[in-house]
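I opened this entry to note a few places looked up in one model. The notes follow in the order I took them.

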Amino acid sequence: MNVIMQFMKRNYKALLIVLTLSVALLGFSLFPSKKESDPEKDKLLIELLAFVIEKGHYDPATVDDTFSKGVYKDYLNALDPSKRFFLQSDIDEFAKYETQIDDEILNKELTFFDLTYTRLMKRIEESKSYYKEALEKPFDYKKDESFNADYEVMPYAKSVKELKERWRLQVKLSALSSLVEKQKLQEDYAKDSKKSIEERLKEYKESLGERITPELENKFVENAKKKQSEAPKTYEQLEKETRESTLSSLNDNFNFIKDLDREDWFSVYVNAIASRFDPHTSYFGPNEKERFDLSMSGKLEGIGARLQKKNDFTEISELISGGPAWRGKELESGDVILKVAQADGEPVDVVGMRLDDVVKKIKGPKGTEVRLTVKKTDGTIKVITIIRDEVEIEETYVKSSVVEKDGFKYGIIYLPKFYIDFEDVNSRDAGKDVAIEVERLKKEGVQGIVMDVRDNGGGSLKTVVDIAGLFIEQGPIVQIKSAAGKKEVLYDRDAKVQWDGPLVVMINEFSASASEILAAAIQDYKRGVVIGSKQSYGKGTVQNVIDLNQFVRGSTYGDLGALKTTTQKFYRINGGSTQLEGVKSDIAIPDRYSYLKMGERDIENAMPWDKIDAADYKIWDKQNNFDLTISKSKNRMQNNPQLQLIDDNAKWLDERNKENVYSLNIDKFKAEQKSLEEKNKKYKPIVDYKNAFDFNSLPYEVESMKNDPVLKEKRDRWHESLSKDIYIEEAIHILNDLQSENNKGLSSKLKKDKVVKS
């Protein structure tokens, strides 16, 4: 999650740290001539990393036995998260190093890494025979077996025999999932066979939710004709196909692993060390740094989704607004990707595959098709087809909409991140863009504004100050504390208030860092009402990306990568930190993720909460019915059946998240899937919900849409999502309640005048 990194590039304190480190590390300028990665380079990297973190980190942890135990646990979990490689005897052998890693770091020793790396390579090679043996003959799906996928509590296998059995069960579960999927697809096709190809093509287009290329359309028709002439496959044929495709997927997976070199595995070890200082300190190896830089370029071709690794699984962490996945409305945050298929190709199992490799399979040229087999948050398995497209980062820029209620007009400003380009002062940034949108909304005569920063992971600190300053006269916005303990207060020094009317700020569990600064400032000034999740993400730290190559001269080791490390903490103007606690909403509204552990507070080695002295600020005194508005909203929510259903769904999802045992009996597996689908029907009204409002673009955008059908499609889809958003609906109700009696009287008069003039 990016947290004010761009700002830090211009921060004099960070520059002083870099200069200090550069002077201190002059001793690292002479190295033996080596062209390839070797242990000497690894030792240098460990020494360099430890030194930079010690001197530059906000609060570096003591490198002692406790630190060593944390690295040991994290590293082994990163190497073998599903416990399908190492034996208990390996762990017993590794155990003596549990409290020695700190000594190895200080002494530049690599004994523990060398031992684990060599052993892992050996175990990986041995594991190839385990899955191949398991897939040689048909599985007995009538046998009453199950597999527990709770890897955290799962012990390591005590013997090769036990490990082979674990592999057999894992492979059987993957094959069973594919078999049931194939059977269902064949059953669905049998039903569809009564329809004409034209009817099926129409449904195919509708299911994609977008236009498809003529090439894909022709391909669909060809395949449909081909399937019409084919006889349905027997159970035996389908069962064999699933074993073959599972074998192929595992072979691909192991081929990817084989492509990893010692440097890749050493990066895992280095990151296990770096992340023990705090969750946001991490090492970028040369390849990772290159991808990080590439990600800042602005455009990519793919499905428009951000992925994250959770144990052995790849999870959708975010959908990029305007991208193909977002437009398709089937893929959601929290979905776990199990398999990836190219057009009509066989699905490849990506469980256990490297995140980079999963990304490579999902990304692809514009206009091509990719099929994702995903596990939804409710446990159901679904195949989602997406046509890849160019994903524009432009869609992460601010946008606004207008809505009416009871004769009042309100504005919605959506800000996905706090963006800025420090290298070009004339370029657009979030602060300038939000100011422009406020002026546009004022021109439209809005009488209240919703500032929506849900799912906003942060960005530039400067733009937070600029945006908060639009809503207050002048005063402090955020406090920053450096490692040396010196406090700095960032102010809005412009006495102008660009918007002094009713204001609502919307947050959720994924509103982090800069978003939390904005929400906290508005809340502390009592300038507006903060609504959303019970609390925001809880990230109150600032990171700086430091290029490690700047500290060495004359190195022949090649690129040493970069380090992202925590250098500062920020605090609310009331003195409290947003770290761990986040920002608590004035009005907490239930959502699907209310009971899941997804915040900073749920990370083991997150930095602690603390507080400093409050800044000197004056509470906004121009909103007389603030407390009454909050009371009315809470009463509305208590009596809202839709919100009660959402809360019930959130509790069910929490329960489902704890279910890790899967039946390997085909009848029971199908029954479980059917039960989940039936249970999910209860919550269908959540998806089908529609509020009573119509949302419209501003005149300048309407004019642009005449020549830009893509923009029109994007805004239509955004407005459609707003019309199904119960949280936006409540925000509008709150703005309405915040209106003064005088304004309400004026609104009534305007409505009467409008009728007379009509």
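I looked up Asp90 and count this residue as buried because its relative accessibility is 1%, buried being under 20% relative accessible area, exposed over 50% and partly exposed in between, with a 1.4 Å probe and protein chains only. The model is predicted, so local features need pLDDT of at least 70 and side-chain atom pairs pLDDT 80 or more, while totals for chains, interfaces and linings use all residues. Residues are numbered from 1 along each chain as its sequence is written, and side-chain values use heavy atoms, without hydrogens and water.

I found Asp90 in helix H5 (residues 88-94); helices (H or I, at least four residues) and strands (E, at least two) are DSSP runs numbered from the N terminus. Its side chain reaches the backbone nitrogen of Leu87 at 2.9 Å. Setting aside neighbours within four places in sequence, I list Arg119 and Arg123 as in contact with Asp90, contact meaning heavy atoms within 4.5 Å.

Next I turned to helix H17 (residues 461-469), where 7 of the 9 residues are buried. Among them are Leu461, Val464 and Ile467. At the start of H17, I noted a side-chain oxygen of Ser460 within 3.3 Å of the backbone nitrogen of Lys462.

Last, I traced an open sheet of 7 strands with mixed pairing, in the order S20-S17-S16-S13-S12-S11-S22; two strands pair if DSSP finds at least two bridges between them. The edge strands, S20 (587-588) and S22 (695-696), each pair on one side only. Strands S12 (residues 408-414) and S13 (residues 449-452) run parallel, joined by 4 bridges. I found Tyr414 opposite Asp452 in S13.

Conventions. A polar contact is a pair of N or O atoms within 3.5 Å; within protein, one must be able to donate a hydrogen and the other to accept it, and residues adjacent in sequence count only if both atoms are side-chain atoms.
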